[in-house]
Amino acid sequence: MTEKIDKWHCPEKCPFLKIEPQVRGIIPYHCELFETYLPFDGDVLRCSDCLGDNQHGVQDEGLGLISASPSNTEKLSAKWAFRRFSKEAQATFVEYLKQFGKGISIPKSVRKLTSPQLALLEQQVIDMLKDTAEEKKEQSADRQDIENLLKSKNEQFPGMLDKQTNQLIVNLYLVMDASEKSMLKSILNNPKSLDVFLEKLKRMPRNDSLLKNVRREMTELYDTQERERAQMLAEIAQQKSLSH
């Protein structure tokens, strides 16, 4: 008897299937090859890119992604509302969940909404997803930026940054404004300032004043760094004038 091949679900031993149960409310099933979160119907469903022509329908994929959510609350309400969304809204919802792995809660009272109220809810959900997606993309670019810089520092000065300090700097960077981010990158790119900054960071208490203390030390270090830079440029200019 020929063994039936399951084309719809991920093989249990697929090297690209990553499962991390209950990770911060995010869908635990992820395809590392196609970089997408995966739906669930009792087993993990293969993504559309993996399936090729035999793809899931948008609605089936959306319902499977809602089922894959680690939260057991409000799933039935979310599915009820999702089935009644327009095709465009369903597609936006599915693409968001596939990319970010975390949706938006739908209250149980959704079933009591009139058609106009449901249409308004649909628009609010889609607007929220789009705004959140843009915010996440910006954060992702910021994260990549600082992680690349820290990686280069680790390669340049092996052993200077341990894993915990590295992650702490990333977390601090992500909550800073644009001018503070620029200041921190300038400090990290200056070997002398970097050394002082890491030493001060190591001694700071890990409490709710940490960010305020980091900002203060950054400002002082950056001002010192800029004064030294200005002095160096002035000395170079003076030397050039004496040589002529």
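Me: How far is the sulfur of Cys10 from the closest cysteine sulfur, and which residue is that in?
Reply: This is a predicted model, and in it the sulfur of Cys10 sits 5.9 Å from the one in Cys14, its closest cysteine sulfur.

Me: OK, and is Cys10 buried or exposed?
Reply: Cys10 counts as buried, because its relative accessibility is 18% and the cut-off for buried is under 20%.

Me: What about Cys50, which cysteine sulfur is closest there?
Reply: For Cys50 the closest cysteine sulfur belongs to Cys47, at 5.3 Å, again too far for a bond. Cys50 has 33% relative accessibility, so it counts as partly exposed.

Me: Remind me, what is a disulfide anyway?
Reply: It's a covalent bond that joins the sulfur atoms of two cysteines.

Me: Switching to helices. How many residues of α3 are buried?
Reply: Helix α3 covers residues 75-84, and seven of its 10 residues are buried, so this helix is mostly covered.

Me: Which ones are they?
Reply: The buried residues in α3 are Lys75, Ser77, Ala78, Lys79, Trp80, Ala81 and Phe82.

Me: Next up, α6 and α7. At what angle do they cross?
Reply: Helix α6 (residues 163-174) and helix α7 (residues 178-188) cross at roughly 150 degrees, and their axes come within 10 Å. Angles over 145 degrees count as roughly antiparallel, so that is how α6 runs relative to α7. The crossing of α6 past α7 is left-handed.

Me: Which residues meet there?
Reply: From α6 you get Ile169, Tyr173 and Leu174, and they meet Lys181, Leu184, Lys185 and Leu188 from α7. Sorted by class, this contact of α6 with α7 has five nonpolar and two charged residues, with no polar ones.

Me: And how do α6 and α8 pack, what's the angle?
Reply: Helix α8 (residues 191-203) packs with α6 at about 95 degrees, with the axes 12 Å apart. The two helices, α6 and α8, are therefore roughly perpendicular to each other.

Me: Who makes that contact?
Reply: On the α6 side, Thr165, Leu168, Ile169 and Leu172; on the α8 side, Phe197, Leu198 and Leu201. By class, the contact of α6 with α8 has six nonpolar residues, one polar and no charged.

Key. Residues are numbered from 1 along each chain as its sequence is written. This is a predicted model: local features need pLDDT of at least 70, side-chain atom pairs count only at pLDDT 80 or more; totals for chains, interfaces and linings use all residues. Side-chain values use heavy atoms; hydrogens and water are left out. Axes are lines fitted to C-alpha atoms, for helices over the stretch in contact, and angles run from 0 to 180 degrees between N-to-C directions. Helices (H or I, at least four residues) and strands (E, at least two) are DSSP runs, numbered from the N terminus. Angles under 35 degrees count as roughly parallel, over 145 as roughly antiparallel, 65 to 115 as roughly perpendicular and the rest as oblique. A crossing is left-handed if the near helix is turned anticlockwise from the far one by less than a right angle, and right-handed if clockwise. Contact means heavy atoms within 4.5 Å. Ala, Val, Leu, Ile, Met, Phe, Trp, Tyr, Cys and Pro count as nonpolar, Asp, Glu, Lys and Arg as charged, and the others, Gly among them, as polar. A disulfide is a pair of cysteine sulfur atoms within 2.5 Å. Buried means under 20% relative accessible area, exposed over 50%, partly exposed in between (1.4 Å probe, protein chains only).
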